[in-house]
Structure formats: C-alpha cells, structure tokens
Amino acid sequence: MASLAENDATGLLLKYIPLSERKAAIVNVAAQLTASSTFNDVGILASLLQMQPESTAMQTLVDNLSTRITNGQAQTVSLLCEAYPDLREQVVCDSISKIERAAALVQHDRKWSAVPMAASNATGEQDVRGSPADPDEHAKTTFAEVALHLASVGANLSSSTGGASGLILFRSCLILVGALDIKLALEAQRILSRIISESGTLASSEQHSIWLRIQELLDASDKQYQFIGSTLWLRLASPSTAIDVSILKDPRYWQLLVQGLRHGDSERRKSTLQILRASVDVAAGTPNLTSYIVAEDHQGIDSSKIRQQYSRFCTIFETIVLGRYLNQVQQCEPDLDFLTSSQSLIKPVWFYTLLACALDHKIQDSNRKFIGNWILRSQLRVDDHHEFISFLQETLLPWAMQGYLFTSSLRYNNNEVLVCRHGETLAGYLTQLLRRQELQRGDIVDAMLDNVLRKANNNFAYAMVYIFEGLGRALDSDQPPKLDASHLEKANKMVVWTGLLPEAARDFILARLWKMCYDYCSHQQGEGASQVIVDAAVMWEKTISKALSLESNRSAQLHGSISSLSPERSRRDLNEAETIKKCSRIVERLANEDKSLNSTELVTQLEDIWSDLEYLEFPSHLLTAIPGVLLHHNLPSIMQHDDILSESQEHLQTMIRNLLKQSDSKAYLLYPLLQQIRLNLVHMAIEPTFLNIEEFTVHLAEQPPAPTVDALLEDCTARLISNISVETKVFDHEFYCGKRESHGFAAFLDLVSRIEKIEIGASEKISQRLLQRWLRQKTPPPTVSQWKTVLQLQVLLLCLEQYIPAVSAADAERVLKDLHYILSIEPLPTYRYLVEWMIARIHLHHEDLRHVLLSELRVQDHHANPKFLASLMKIGVSVAKAPNSTENFGLDLMAIFVTLSASSKVVIRHEAQWQIPVLRDLAIVRKWDAVRDDTTFKALDDFVRSLQRFGDPPLDRRIDKLDPVADHNLTHLVEGTWYELDNVEKRQTNHECFVSLYASDAQLPVEAKAASCMPLGDAIVDTTTSTSVSKGLTESDKVLQNIENITQALGSVSNSTILQTKGAAYLESSRKRHSNLLVIASLIDNPYNLGGLSRVSEIFGAGGLFMSHTQVTSNREFSGVSVSSHLHLPLHSLPPNQLQGFLVEKKQKEGFVVCGIEQTDRSVMLGSVECALPEKCILVMGSEKEGIPALILSECDVLIEIPQIGITRSLNVQTAAGIVLCEYAKQHRL
C-alpha cells in the first residue's frame, strides 16, 4: 500500500521535526484521521508510526482500521498490514479481542448459539477470557461485524500469531463455529481449518477439544453445522495434522463415520470417505485399532493389505452411492461378491453401510433394483450378527416389500406360467437364509414378522404373501428351523386385519399360518402351545377337510374360500355370500320355468341384487354369478308374458349394459359373460334382442379386457396356495377366479365365426366398421399404436370369411383394395401377416380377381414401397398353392419374380429370390411344365439354392409362411408361430381353450344351431429341434470367479476409480471478457473436455482458464474441440496438488469467491434468487470421475446445481460449465 517513495517522504518530514516534538506531531496527525480519510492519509500515519512508535496514535490508527474492516474494506486493510508487520499484529489483536467478546456472548447466552459448546470443553484452560457482554454489547459489535473481523484475521493470520492471542482465537472459534449467525460460524470454521492445517502437529489437548466440538456439530439437526463439523474433521484427520491416536480409540469416532456415510448428503459422504481413508492409514498400522476396521477373522493381517482393500472399498462406495451411473454400478458386481466373501478384510459394518446407502430412497430405482437383486441372490456375510440383523430389518426388508417391485416383475415363464419374479426371489432368499443361519433364525424370523406388523394393514398385501412363503418353504424343508411359540403368537396378530386383503392373499396367509401352528403342535405334541396356536392348528385340519370334500366343479363362489372357515369373517364377506344365494334362487326358478314368476317380481329381485352388487363394490365372486342371472335363456320368455313389457325390458337392458361396462376392466368376467351370451345365441337360438351384437363385437375387438395387476398377483398367489400341500392343490386359479380369460376369448372368436348365421348382415357391418378405422389412420402410422390390436384383425378375418364369398367380384375388389392400402402402410409384422392372410383368402374365393395381384406386381414404380411389394410376392405364392390355381398364374408369377430378383432394392430382390425355389417346387408337384422345364427358371433356382443363407433361413423367414388353405383354422389364428414375428402382443387364447369349449358344448342338451366358418385345426406341435448348448457359469461359479478376479486386481499396482461428474442444461454465447472470472479445470484430464472448456470459457469471456498443465493444447483431441479458442484466452498451469492453496490465497488476498458445480444438499439452484454469482468468481469444475474432491469442496463458498427437466442424470463437464458461464455473463454484463 505504502510505496518506498512515500516512506522516503515521511522520513524527510520527520527529519525537520525536532526529536522532542515528533510524538506530539504523530499524535496530532492521528487525531485528524477520520473514517472518511483516504488510505494515503492512513498510509502516511502508518509510515510515521513505523519510524517513530507512539501508543496513542497506534491505537487511533488501529481503531480507524477496525472501522474500515466493519465497513467492508478488509482487503485494503490487509494490503496495508502486509507493508507494516507491527501494525498487522496490532490489527489482528484488536480483531481477536472483538472475536473474544462475541464468543463470550455466544457461550454465556444460549439464545445466540445454535450448537452450544459443552461446559466441560469451555472451562479451565479452554475457557475464553472476558466477562459476558451486557445486553447491548451485540448492538455495538454485531455478529455481522465480527464475521468481517474473522475474515480479516484469516487474511492477516501468520505463523507469528501465536501465544496468548493465538490461543484466544482458537478457543473463541471453537465456540463461534456453533453461533446462531451462520456467516459467523462459517468464518470461524475457516479460521479453525487454517489453524489445524498450518500449525503442524496440534497438542493433544487441542485435538481433543476440536474433536469434542466436532461431535457436537455433527449431532446438530441443521445440516449447515454438520457441514462445518465435517469440514473440521476432514482437516483434523489429514495426514499433515498427525491426529492423536487416542481419538481414534473412541468408538464414537467410528460410529460417526458410519453415520456420515449412511445419512450424509453427497458432500458429507465425500468428506467422510476421505476421513475414512486417512483414519484407516493410521489404524492399520496401530495394532490396538485394527478391531475397528478389520473383520474378526482377519486380525493381525498385513497393514498394506488393509489399506489396499479399504482404498478399493472407498472407490466402490463412490461409484455406487455418489456416481450412481447404472452401467458403472453393474461393473461393481465382482467387487460386491468379493466384499461379502471370507477373503474380505473389511469390517462388516462398512459393507452393510455401503448396501444401506445403495438402497436409500434417494438413489434412482434402477440402481436400487440392481443392488437389491444382487443381495437377494447372493449369500451375504453374517459374521457380525447385530449389524446383519439391523440391516435386514431396517433396510433390506423395507426395500424388498415395496409394491412396485412386485407389480413390475410379473412375467410368464417358458411354460407360460405367470410368476412374480421379485416375490419368488424374495421368498427364495428368506428360505435359504433361514436354512443357513441356525444360530440367528429366531432374530431373522422376528425381523420378518416385525416388518409386517410395523405397517399393519398398510403393507403391500403380496409382500406379506411372499414373506410368509419364504418362511413356509423353510419350515417345509427336510431340516426345518424350529419356531418358538412367541413367533407364532406374533404372526397370529395379523389375523385381525387379513379381512382387508384381497381374497387369495388372505387365504394364503391364513392357510400358511394355520399350517405352521399345526406343525408346531404336532412336533411339540401340544406342549407350550397357547390357545391361539391350538385354535389355528384346528383351522388347518378344517382346511384339509374342506379341500378333500370339494368336487370337480369347485369354486369359491359356490363353496366358499378358505377364509370362510374363519369364525371372524367380515360383514362384507357375509353380505356377498347372502347375495350369491339370492342369485342361485333366481337361477333355480328360471331353470324350472316357474310359472308364478312374473316380470315385475323378477325385475324387482334383479334390481335388489344389482343394488347389493354396487354396495359391495362389485366383488369378483358375486359379479361372475350375475351373467347367469341377467342373461339366463329362459328370462326372455317370462318377460314376453308381461303387460308392462317395455318398462321391464328397459330395466333389464340397463343392468345388462352396466354389466358389459364392468367387463371392460375385469377380465375374469369375460368367460362367464361370453359363455352365457354364446349359449343363448348359438345353442338356444334366442333372438339377440337383449344385446346389440354389432356394437358388442366391435367394442370387444377394439378394447379387449386385460387382467389388472391385482388380478395377476392373485393368480400368482392362488398358485402358491395350491403348492402349500398336496391337499390344497384344489385351491387353484379356477377355484378363485373361474376359467381364465383365454377361455373367454376362445368363446368370443367362436361366436364371431358363427355371427352371420346368428344375425344376417352382421359380418358385413362389423367388417366395414373395423376396416374404416384402419383406413383412416394417419400416415405413416406408428409401429405400435394403443388402439390397434391383433384381436381386431382376427375378428375382421372371421367376418370377411363369412361375408366375402357371397358378394360380387366388384364388392370384393373394393375390400381387396382397402386391404392393399392397409398392407402398404402397416409397419408391424404380425398385423401385416393377418392382412396378407385376408388378401389371400379373397383371391381364393374370387379367382377372377387374381389379375389385380399380378397388376400390382407389374407396377413399374415398385421401388416406392419395397415392403408392400415383398408382401404381394408372398401372397402370390400362397395363392398359387390353392387347389384351383392354374399353370398360367404360376408362370406369370415366375416371370415377374425373375425381373424383381434383379431389383436395386434389397428387400424386393431378396424376397423374389426366396420365393423362386418355393414356386418352382410347387410347379414340380403340380406338373406345371412351362415353369418346371424353363432353363432360365431352373438356372436361377439353382443359384438361389446354392446360397448358404437359403439352407439356413432366418427365424422370421421360417415363421411367416402362410398356406391359405392348410393354415386356415382357428388354432393357427390364435397361436400360430406368426406371433413370434414381433412379440408385441401376447397370445390371448389357444387350441386347448377351444377344445375345452367344445367339450362343454357336448354336455349341453341342445346342439349348436350355427356352424363355424373356420375349422379348429390340429394342435400345433413344437417342431423346434433341441441342440446342445454349452451352459454358462452357474451363479456360485460366477461369484467364485469374481472373487478371484478382485483378489488378483488387489495384487496389482493400480486401482482405478470410475466416477463421473454431474450437471445439466444448455449453452448460449457472449463475447465479453470478465477479468474477475476464473475457470479452474485442474481436476480434469480428458483433452476433449479441456478443449471444450477452453471453447466455452473464451466464448463467455472468462478471464483465464487454469489446467494441470498447458501442454495439452498440442493434443489433437483438445484442438479438435477448442478450435482456436485457446489462442484468445489466458491459459495457466495449476497442478491439482496446488489447487487448495491457490483457492485459499485468492480468497484471502484478492477477495475471490469460490463456486463449485456440484449437487449437494447445500447447493443453490442456478437461476434462482439465492444463486447470485459473485463478480469476483472462481468457477471450479470437478473431474470426470470423482467430481470435486472433499478437500476442495470445503473451500467452496458456493455450490451450484443446474436445474433440469429430463431424467438423464448429467451432461458433459464442458456443457455444464457453459451453462454457468452463460448465467454469469447475464448477471454481470459489461
């Protein structure tokens, strides 16, 4: 501040003042100094005092500078203090005295303290001198002013600031880090951090004082104070501090590390991992500390191995919990296998902490699923019994019992059996766990039951089902674990609210529970069993008796479910059973043609039943009984004898319409509904006055009902019930829900196949309605559309088969052209196959229309739609196979194929070549000499057959074959191999369902009055040849291989981390240069990213870019992205190991504010009111792997998060930087 010239001028001034008058003169100069005096005046006085010390003038100068500090001029004061060391000590001591008074106020008046310091840590030698301030003290020296003085002390702090002043500052800051004023607390934390980092080795007493204060801060509820505590801890644990070993012997030290990892935000977790690394380095070399970090079985192991495994553990933790990229998390599976193996030295508490963090609800679902599923299929180490049970009860089971895991994992296995994969995996894990852990079985069962009872009826029903299934399977094994009576009594508490569960889930839990109690009583011979257990055992005996008494036509509707045996049946169940009895009584009277039953009485009874149905919210058993009542075949005859026929019919029609609406969302209603409708129309030949058959058919074809998720889970649960014992096999899906919806679809398609005989003209009307919707679709249509279904095309095919043979060629040609248009735009292979089938059948019915097919194939502009032309070629060959096809038609086709086989379009050329051998084989069988003997055709045929691909055709080529005569049957229509062309829709019915349907027809007293337009056909035989495929590694072999790989990796020299940075947003440009904006890229080593950072930094006018070394500019990847930006932007070398010191110096000496781009709990959202970017800004970018390290995060004054709309986690580091730089340019336009 004061130049040499000023000092010389001051010296000349003093030279002409007598020695005896100099002090008076200096006092006079000091007296004229005011708050508005310039710094030149201040500098002159400082120079005078340096040459001629005077205490009064010095105090005046110090007071003036103190005022300037509180007015925000601390940086200029610091520059002055640099020139005058004696003055600096005086200013620092003055500031320390104010800091001390503020600390005394905070310590003695708790209202100013957010985190009070314990008296035991603030008495005796640790006490802050000075008396408590009076109530007005804080008005004279506000906490805001003290925060400025702390910042000033930080800027002027030097190694000479020691002794009493240094101790007072240390003690005061210990108190102030818990001050209610957070700015004051943060400034105190920065001073303490510097004291810890720069003092070398702290005394043991000082370290313990810091450690006690850190614990208090970490226990605070406010995360800002937790951050302060974590930052101080990070400094204390630094290798340069040489932490006192006695601190590491405190069990709470390690407990707080676990707490920081489990419950901290990402910033605290990073700090905690760094502390863990440093602490392990010390503990590994201290024999009496290894018990805190090493598993019991590995005590006394080489310290280098301990450090190596913990280093890798920390990397894995960062990757899974902080990085969160699914592909990288998946790559950690071998490490997870190693961590749970006997070769791992890691103490189990750290491993369970990792897993608990990975299953935290803040982690994205995909990652949680991966980790959770890995746990369920692995054999977790349980060498720490307490930690394992805690993890099981508090983390694993609560995650595994979430409903979405069950609903999202419903799949059909290879045997077309529906399974809940997550439920089966969970049950299997619990079964194996109970079998393996003999000594812990009681605690494991308690954990399972407590998790169920904790949420009571708020549990996801099927989570409880699979918890009980896991327990039940273990008890049914050859060497079952023994349950205590207390476990069974605890489980019986659930009986109270099982009435609120879905029926199959309720029955399963009751049956499993009753069987457990029965087995317990059998093994114990009744000893030690409470009355609750004995009563439950009796209920199991009743269940077995009920199962043995059921007939072949069993159903829960007629015979009652398992829960109906319970004496504690709900009122709802009783009401449903009573209404079902009402239905049975009406059906009995209708079947007997009761003459006393008139329409008025009948409608009244039906309305009463419907009212009960609505009140009970349409329970499944009652709802499936309704079609047999409302649609009974004798009901129309009774209605005809009534004088008020129209009114009664209107009531009946309303109920039928409402019943049909219910079928839209309840797939289990489909079969009883279609069964009754089909009985009336096909067998009883009743006029369809009760039903608009056209509307009903189109609606069902366009909106086929699908089972709800609840219904699918009930299906899975019914299978579990049937597997409880040999006797319970009768309680299957059909018992609870009746025949599956596949039987309903079989009945529907069979009905459609006879529809023209039931109602004349219906097939044409339905065909036209279905066709129009497909013709009106927008082009190009999407590959998968919500309104399109296979069922629509199946219905259309059946209707056309009844309608087309009877119409004229002109009408058939109009339909044919409509189908050609649909085929020309439709992208989905399964839909195209069915349309091709319809076109082929029209050509079979109308031979005179085959010229249309040939004309389309001869169109010169065939390249416009290659896929359409390929389909026409397949249709042509399939039509040629018809019995009435002629040699001329085959010859015309072959001639066209020869031309198309040379097409420039691959699709057309390949299709023509594929069809030539097929057509020529047909010519040989049919003895079409013109085709068979033509040398050109033969040569081309031989060429195609010589191609390797012809002998081994692709799958779609093998399964999309169509013979419009041999394949024209219901079986091929509903389950042909053509379904495998895209697997978009699942088969809705099958051959067996039709066989069952026709078997039921045979039991009826009357035969069908209308014949089907399509034969059933034979069952499809699986012609897939089994080939020997080498099996991959088993799960256990895979785990062993993973462990071996990690063991080898730990023996190598390097361990790489795999973390990446975070961010999201977009980029704009500006040409302004901001000298106070510095971009730090020292942590980034990718030349491509550095080139991008150079580019955006130059575009948005940054004052400089700092990199680990500037030689990267010669790298081709750098220059390829940066273009020439690095020629117009100041580049500086800043190695990563110098970054922290650089930031501290820039903050203290030049007043810069350090801003980091990182997502943490203290991050502010870019663009928000809270995110005002400082003018003097240092922007720190994290590395591609681990982001911003914990030590650098602790130096960041502001952390910035970029808001995003999409679900993608991050953008490239250069893009993230560009967004923040753009925002800076907006806020600080030049």
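What follows goes from overall shape to domains, then to one interface and a few charged pairs.

A quick word on the ground rules: this is a predicted model, so local features need pLDDT of at least 70, side-chain atom pairs count only at pLDDT 80 or more, and totals for chains, interfaces and linings use all residues. Residues are numbered from 1 along each chain as its sequence is written, and side-chain values use heavy atoms, with hydrogens and water left out.

**The whole thing**

The protein has 61 helices and 9 strands; helices (H or I, at least four residues) and strands (E, at least two) are DSSP runs, numbered from the N terminus. Its radius of gyration is 42 Å, well over the 33 Å that the globule rule gives for 1230 residues, so the protein is more spread out than a compact globule. That radius is taken over C-alpha atoms, and the globule rule is 2.2 Å times the number of residues to the power 0.38. Along the principal axes, the C-alpha trace spans about 140 × 90 × 70 Å.

**Domains**

The bounds here come from an automatic or database domain assignment. It gives domain 1 (243-364), domain 2 (365-565), domain 3 (747-992) and domain 4 (1077-1228).

**Where domains 1 and 2 meet**

The C-alpha centres of domain 1 and domain 2 are 34 Å apart. In contact (heavy atoms within 4.5 Å) are 27 residues of domain 1 and 22 residues of domain 2. The two domains bury about 2200 Å² between them, 64% of it on carbon and sulfur atoms. Buried area is the accessible area (1.4 Å probe) that two parts lose on being put together, summed over both. On the domain 1 side, Tyr352, Leu359 and Gln364 lose the most area to domain 2, together 33% of what that side buries.

**Charged pairs**

Side chains of opposite charge can pair when their charged atoms come close. A salt bridge is a side-chain nitrogen of Lys or Arg within 4 Å of a carboxyl oxygen of Asp or Glu. The whole structure has 57 salt bridges, and 2 salt bridges cross the interface of domain 1 and domain 2. Here are two examples from the structure:

| Salt bridge | N to O distance |
|---|---|
| glutamate 333 and arginine 377 | 3.0 Å |
| glutamate 394 and arginine 454 | 3.9 Å |
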